[in-house]
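Student: I'd like to learn how to read the pocket, the cores and the strand pairing in a model like this one. Can we go through them in turn?

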Amino acid sequence: IEDIILMFSKTRDGTIWEPTPLFKVKGRAAFSVNQYGALALLVIKDDGTNELSLDFDSIPRALADKNTPNNRASTASVILTQPFKDILAFLWSPDGEKLLFLSTGSNDLSTICTWSTYNIKTQQITRYDNFIPSTFFISSYLPFFDQYIRGMTLWSPDSKFFVYSGASLSAPKQTYTWIQEVPTTKSERPNYHRKPWKVGELELPFWCR
């Protein structure tokens, strides 16, 4: 079934924008827009596969925050799904310049997952260390990820770090809390990043806004 997603906005002077068709999708979809008008769209197709893409043209600039600079480096659409098998969740950073997304290369979610970021200024994907998520995370948190992030966030307020929980591949039976630093400049070495550091044993860590 082909659906049209509508959006409307109320400006600071009280003007109401009429609902406007922005894009069409086939299948189930989830989306999020940053303050620059960049659209992150996850579509789950009929065959069970999914596609995460970034689009910089679907959202009219009039609906974006006029008081923030336009830091997007490109107007082209970017497909983030490859080489990742399945995208499980995604979340914009507070500064709107980085998209954090969780992927897995296996149909068995209890095996290995990976957090990655896409920087819209450098146009670079950074893939971080593989980890094993806890059963609690998979069963109680992940299905409601889009609801949790309305009031809580994995991102630090300065958009330089994110926090998550999971077991390392070297100690698969022990869940720890990790803080990961995110590169802010383009690296000549793909996926180069500092190792995360262990800070506790929380099942569901969040950052204070």
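Tutor: Start with residue classes: Ala, Val, Leu, Ile, Met, Phe, Trp, Tyr, Cys and Pro count as nonpolar, Asp, Glu, Lys and Arg as charged, and the others, Gly among them, as polar. With those classes, the lining of the largest pocket divides into 20 nonpolar, nine polar and five charged residues. Keep in mind that this is a predicted model, where local features need pLDDT of at least 70 and side-chain atom pairs count only at pLDDT 80 or more, while totals for chains, interfaces and linings use all residues. Residues are numbered from 1 along each chain as its sequence is written, and side-chain values use heavy atoms, with hydrogens and water left out.

Student: What counts as a pocket, and which residues lie nearest the centre of the largest pocket?

Tutor: On a 1 Å grid over the protein atoms alone, with a 1.4 Å probe, a pocket is an open set of points with protein on both sides within 12 Å along at least five of seven lines; lining residues have an atom within 4 Å of a point. Here 34 residues line the largest pocket, and Ala 30, Phe 90, Phe 145, Asp 146 and Ile 149 lie nearest its centre. Its space is about 900 Å³, a volume being the space filled by probe spheres set on points joined across faces, edges and corners.

Student: Which element gives the largest share of that lining?

Tutor: That's β7, with seven residues. Strands here are DSSP E runs of at least two residues, and helices H or I runs of at least four, numbered from the N terminus. Six of the seven residues of β7 are buried, meaning under 20% relative accessible area with a 1.4 Å probe, protein chains only.

Student: How many bridges join β7 to β8?

Tutor: In general, strands of a sheet pair through backbone hydrogen bonds, either parallel or antiparallel. DSSP must find at least two bridges for a pair; β7 and β8 run antiparallel and are joined by six. Ala 89 has Leu 102 in β8 as its bridge partner. Five residues separate the two strands in their hairpin, and Gly 96 in the turn has a positive phi of about 75 degrees.

Student: Where does the nonpolar core come in?

Tutor: A nonpolar core is a set of buried Ala, Val, Leu, Ile, Met, Phe, Trp, Tyr and Cys residues joined through side-chain atoms within 4.5 Å. The largest has 20 residues, and Leu 102 and Phe 145 are among those with the most contacts inside it. Phe 145 touches Ala 89, Phe 90, Leu 91, Trp 115 and Leu 154, not counting residues up to four places away in sequence; contact means heavy atoms within 4.5 Å.

Notes: Buried < 20%, exposed > 50% of the residue type's maximum accessible area, 1.4 Å probe, protein only.
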